[in-house]
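Have the model open while you read.

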Amino acid sequence: MSEIVDILISASFWAAVIRIASPLILATMGELICERAGVLNLGIEGIMVIGAFTGWMAVYQGMPLWGGVAVAMAAGMLFGLLHSVLTVPFGLSQHVVGLGVTLLATASASFAYRLMLPQVTSPPKITPFQPLYIPGLSDLPWLGAALSQTALTWAAFAVAGLVAFTLYRTPLGLALRAVGENPAAVEAQGLSVTGLRMGAVIVGSGLMAVGGAFLTLSAFSSFFFEMVNGRGWICIALVVFGAWKPGKAVLGAILFAAFDALQIRLQQTALGAVLPYQLFLALPFLLSILALILMSRRAEVPAALMVPYNKGER
Amino acid sequence: MSRDSGAEVVLRLDRITKRFGALTANDAVSLTLRRGEVVALLGENGAGKTTLMNILFGHYVADAGSVEVFGRPLPPGNPRAALAAGVGMVHQHFTLAGNLTVLENIRLGTEGLWSRSYAGAREKVARLSRDFGLSVDPDARVGRLSVGERQRVEILKALYRDARVLILDEPTAVLTPQEAEALFATLRKATARGLSVIFISHKLHEVMGVADRCVVLRHGRVVGEVDTHATDKAALAALMVGGELSLPRAEARTPGPVLMRLDQVSTPDRGAAPGLKAVSLELRAGQITGLAGVSGNGQAALAEIVGGLALPAAGQLWLHGQEPETWTPREALARGVARIPEDRHHQGSIADFDLTENAVLEGYRTRFSRRGWMDWRAARAFAEGIIKGYDVRCPGPETRIRLLSGGNMQKLILGRALAPGPDIILANQPVRGLDVGAIAYVQAQLIAARDRGAAVLLISEDLDEIMSLSDVVHVMSQGRLSPAFARGTMTAAELGLWMAGQKFGEAHAA
């Protein structure tokens, strides 16, 4: 038991938690924007793969790291455009389109990878983002170590703040919340349902891709095919967990990241010698499901989520 | 309200034509509206009233014709342009976002998307509420408001945008008579300030009370335009339906024995919908029991008990003098309870099934199967019998029910319910959304069923319907049931007070 307490009070544990949470926060904010506008974006898993791949490849080809982030974002927005054209003006099934986008994006990434690096057996490395030195803060004991994070992590938290501010403090956010609840209300007030929803899906997809790029540009230094590994689906659950609210969703991401960081460390304790490691791997998911059940009971789902809007339909 | 024909013309619709496939919803409709007047747009369901207003507001694009507001042409298909020109619309199905507050709903779309929100909004809304008698809490979540309050928000939304022309689409359909009176008072205040109103309705007495002028539509055409003070209800009704048409009126009859009795039945509340609160009710053979009330006051819970979908949480249900041991929809059907559900699309039919399949939904395991196999021959014969006997206009029994009009769909459901000769008929909003012809037909069938000895429970929001058909009337409010009032003993205004829940308090205090 004391081993667990030791883990929980160590700065390195919390540094890991924040690091693991960052890509989840970025992609969860992306999904949250989409769903608040009334569009479920199941393309998230594939869009994260595309973001991870394109960001890494751009840097490998000689672009600066922030250039890689921009390329990833653009690639994500491109898939977001595809998703939104099919789901918003055409009103196709959001499940089918989302899964299709995930398959297409994942396959495109591996296709492009093979095309661009035909002879490579182990993926080449890049120099990723380094932890940011913040005068004063970084010199503090414990906290300095826990907050020894890359610029992209700080950006992830800034994005969460920006999304919350936009959603609750600007007319754009008001329109976004309304269009996911009752698109007819938005149209009757002279705004474009199509424009708002497509914009939300495109921007949201861009954020998902940056979340994916975090994995190759900040967390690891290379690209593997399995690296996204279901994080996109976790983000969809986190949106529900957060009851479609940015603040709660960030908390959910941190909670999941904490379980994840904990299980890695638990594997190295005496417990790890007794229990099969697969059990530890499953732990964050099991606990997430539990938390999801407890938290999402009274969540207010956007009423028009997954309901296509056809102007002029009777 | 002055009728000064020299007043400024604020709105001119010129020969608007709109087709949906083979249906011509509007056929060269022209209409002018002057400053400070109320024009009623009158017509049956499907006459093209709402289509016309949706064209004016830019939800639809007309195939031909033009719209002018204050002398300027309005670009088609653009609600934003209509709003900017001073046209405000209160839709029949409110266009409000339930997750936002009243103030947020009003502000929506009035500010640039990237600007900071406008600080004076609250004061402006407060001033408008005061000036027009539209009291509503600006910080309340719209999802928690009553229907009447939501309508006030809709009107405030239009006024907030400085609308000069207010379009109200069937505004009283969901209101109690008292709420409707408050709405009319608001409209009078609005016209006194120089606003103009288009009032869409098919309720003649309201039109007579509130409008200066009446434009009557039938089958998408303007068939008459009259000053309300120069006409009467009968003349307007004749214009609407194209000939004299009298709605059936049930004559009084001596009722038979009690077939179903609810004794102090209560059910739990379900979210915002109240459950039943110690409801006692008797359904007698040969009697139509009318249940008036604004929907969402427990009618659904009562219908579920009668139809076998739910059991009382407290109290007893008696059927033919016994308490049934099991009470399920199948049991209810077997014991002679027929149901005409409130929502014919979601509860009454399966859209992509054909008429035969829909006709046998309540009997496919009993009357239309043999040793576990469907008897399609008998099913088809049954469907054909209903189509013929109940005048269901359709290409044939293999038509998918989705393609039928509401009236014809309802006739099929009616036939399905009445064909086995049920003892107890639960008719929940049986004529909602039907045109006058179909209404007369459905109501006549209910009366015929009563006359052969069935007990009919008629649930309706339409007081006129309740009062003309029912032998006894109850009113529901907040899950409570009023005492039974015999035919002709109560006026609409008195029933309205019960609907608003006021009389329950008095009865309780007394």
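## Ground rules

Buried means under 20% relative accessible area, exposed means over 50%, and partly exposed is what lies in between, using a 1.4 Å probe and protein chains only. Helices are DSSP runs of H or I with at least four residues, strands are runs of E with at least two, and both are numbered from the N terminus.

This is a predicted model, with local features needing pLDDT of at least 70, side-chain atom pairs counting only at pLDDT 80 or more, and totals for chains, interfaces and linings using all residues. Residues are numbered from 1 along each chain as its sequence is written, chains are lettered from A and ligands numbered from 1 in the order in which they are written, and side-chain values use heavy atoms, leaving out hydrogens and water.

## Helix 11 of chain A and what follows it

Start with helix 11 of chain A, residues 231-241. Its buried residues are A:G232, A:I234, A:C235, A:I236, A:L238, A:V239 and A:F241. Those residues pack against helix 2 (11-36), helix 3 (44-60), helix 12 and helix 14 (277-295) of chain A, where contact means heavy atoms within 4.5 Å.

Most residues other than glycine have a negative phi. A:A243 is not a glycine, yet its phi is positive, at about 55°. A:A243 is also buried, with a relative accessible area of 6%.

Helix 3 of chain A and helix 10 (residues 193-219) of chain A have axes that come within 6 Å and cross at roughly 55°. Here axes are lines fitted to C-alpha atoms, for helices over the stretch in contact, and angles run from 0 to 180 degrees between N-to-C directions. That makes the pair oblique; angles under 35 degrees count as roughly parallel, over 145 as roughly antiparallel, 65 to 115 as roughly perpendicular and the rest as oblique. Among the residues in contact are A:G51, A:A52 and A:G55 of helix 3 of chain A, along with A:G211, A:G212 and A:A213 of helix 10 of chain A. By class, the contact has ten nonpolar, six polar and no charged residues. Ala, Val, Leu, Ile, Met, Phe, Trp, Tyr, Cys and Pro count as nonpolar, Asp, Glu, Lys and Arg as charged, and the others, Gly among them, as polar.

Now for helix 1 (residues 2-9) of chain A, which packs on helix 12 (residues 246-267) of chain A at an angle of about 135°, with axes 11 Å apart. These two are therefore oblique as well, and their crossing is right-handed. A:I4, A:I7 and A:L8 of helix 1 of chain A meet A:L262, A:R265 and A:L266 of helix 12 of chain A. The tally is five nonpolar, no polar and one charged.

## Over in chain B

An automatic or database assignment supplies the domain bounds. In chain B it gives domain 1 (9-241), domain 2 (250-336 + 422-510) and domain 3 (345-420). The centres of domain 1 and domain 3 of chain B, taken over C-alpha atoms, are 39 Å apart.

Is B:K411 buried or exposed? It is buried, with a relative accessible area of 7%. B:K411 sits in helix 13 (residues 406-418) of chain B and touches B:I386, B:Y390, B:D391, B:V392 and B:Y441, leaving aside residues up to four places away in sequence. B:D391 lies in the loop between helix 12 (376-389) and helix 13 of chain B. Although B:D391 is not a glycine, its phi is positive, about 55°, and B:D391 is partly exposed, with a relative accessible area of 29%.

Conventions
A crossing is left-handed if the near helix is turned anticlockwise from the far one by less than a right angle, and right-handed if clockwise.
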